[in-house]
Amino acid sequence: MKAIVNASIVLESGILYDGALLEENGKITAVGKAKDIEIPAGAEVIDAGGAYVGPGFVDIHVHGGGGYNTYENPKAAAEHFLKHGATTILATPLYSQTFEELIESFRLIREEMKTNKSIKGIYSEGPYTNPDYGCNSHHNPWRGAIDMDKCKALVDAAGEDVLVWTVAPEREDLKAFLEYARKVNPKVIFALGHSEATPEQIREQMPFPYQPTILTHAMNATGTIGESHGLRGRGPDEYCAKDDEMYAELISDSCAIHVHADMQQMLLHNKGVGKVILITDSTTFDGAPPEKYSHVTDLSFDDRGGIAGSRMTMDQACRNIMQNTACGIAQAFLMASTNPARAVGLYDTLGSIAVGKNADLVFTDDMFNIERVMQEGEICVF
Ligand SMILES: [Zn+2]
């Protein structure tokens, strides 16, 4: 049993100054003002030194980092992100992988999930997206009509461990895929992304109960909105903006290149702080940056100088969102931990600090410099 004292505990409803928290067998057993929490004899007392203690980050969209891909060496990649406070990740393969490579990635991830506390599932970004959108698109082999034999083999290989499939409604025969994916894993949700679909196409191709509940990296690879004669068009971003239930993923990099700071602020106004999910979309691509981005340190580039996700970790993403918008620490934790857990169905056990939930905790200063990480009650030692 552990007792954390002298902490500013970041709850979903606000910050509990001078808070204390008890942990037993990996779960949170009490949380409250220090004066109201009785520390049991024999508990190991951890003095947080006045740090903020928030729920461990949940990065649902992360391809790789620290030199390791979450779909090739999930163990090493998970450890890299854990150091930076992500106590939960969804391993995210690439749409530029071949059929055989994807099957092997799913197998590897699922094998690692049996013992790895960080990896709670697979986020499959594609492969049934629009191959014209996204980095490295010249290597995307998933073009043309959907081959249902391959499709079923992929869905079977991911099984019940895939929590999210990102799709583009403009793909032919998408409905057969959606139905089969939901049949194999009734909990799976669908994200809309790497798409230029109109709201009409989205409603037609993804009717209830297959409607998209997440927008994959808002304002990135989501089409162009021009229509003729100066009329403004509508695409995935506009669909998401109008749908109150839908979450929007956001890549908030330090120079606000994926999404301009004005647009990040607009997204927060529009969706509200309860419906934005911070993601890293981190990759291990190591192409040279084009001249205009030579000053940028937290982005990755493909072999043509195209932006290929980030090199961020979630602590940086939190710092960046506070720099790029007017949000504060408690709101950053909502977007980095609570909302992603809710969106993918993990909120019952993690994503916020509450009695009965996993003792997944991040100790940080007010700039998201991580001081300690606790995962299921264990202080992580690196
Ligand atoms: Zn993407």
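I started at His194, which sits in the loop between E12 and H5. I'm using DSSP runs here, numbered from the N terminus: helices are H or I with at least four residues, strands are E with at least two. The model is a predicted one, where local features need pLDDT of at least 70, side-chain atom pairs count only at pLDDT 80 or more, and totals for chains, interfaces and linings use all residues. Residue numbers run from 1 along each chain as its sequence is written.

**Entry 1: positive phi**

Why did I stop at His194? Its phi is positive, near 45°, in a residue other than glycine. I noted that most residues other than glycine have a negative phi, and most peptide bonds are trans. His194 is buried, with 28 other C-beta atoms within 10 Å. My cut-offs: buried means 20 or more other C-beta atoms within 10 Å of the residue's own, exposed means 12 or fewer, partly exposed is in between, and C-beta atoms are placed from the backbone.

I then looked up Asp18, not a glycine either, with a positive phi of about 50°. Asp18 lies in strand E2 (residues 14-24). Asp18 is partly exposed, with 13 other C-beta atoms within 10 Å.

**Entry 2: cis peptide bonds**

I found a cis peptide bond joining Gly126 and Pro127, with omega about 10°. Pro127 is in the loop between E10 and H3. The bond from Phe208 to Pro209 is cis too, with omega near 5°. I located Pro209 in the loop between H5 and strand E13 (214-215).

**Entry 3: H3 against H2**

How do H2 and H3 pack? I got an angle of about 15° for helix H2 (residues 99-113) and H3, with axes 8 Å apart. That makes H2 roughly parallel to H3. The axes are lines fitted to C-alpha atoms, for helices over the stretch in contact, and angles run from 0 to 180 degrees between N-to-C directions. Under 35 degrees counts as roughly parallel, over 145 as roughly antiparallel, 65 to 115 as roughly perpendicular, and the rest as oblique.

Phe99, Leu102, Ile103, Phe106 and Arg107 in H2 meet Lys150, Ala153, Leu154, Ala157 and Ala158 in H3; contact means C-beta atoms, placed from the backbone, within 7 Å.

**Entry 4: H3 against H4**

Helix H3 (residues 148-158) and helix H4 (residues 174-184) pack at about 25°, with axes 10 Å apart. So H3 is roughly parallel to H4 as well. On the H3 side I listed Met148, Cys151, Lys152, Val155 and Asp156; they meet Ala176, Phe177, Tyr180, Ala181 and Val184 in H4.

**Entry 5: which sides are buried?**

In H3 the buried residues are Leu154, Val155 and Ala158. They cover an arc of only 95° around the axis, so they are on the same side of H3. The arc is that of the directions from the helix axis to the C-beta atoms. Asp149 and Asp156 are exposed on the other side of H3. The cover over the buried residues of H3 includes H2, strand E10 (119-125), strand E11 (162-167) and H4. After H3 comes Gly159, with a positive phi near 55°.

In H4 I found Leu174, Phe177, Leu178 and Ala181 buried. Their arc is only 100° around the axis, which puts them on the same side of H4. Glu179 and Lys183 are exposed on the other side of H4. The cover over the buried residues of H4 includes H3, E11, strand E12 (189-192) and helix H5 (199-205).

Terms used:
Two residues are in contact if their C-beta atoms, placed from the backbone, lie within 7 Å.
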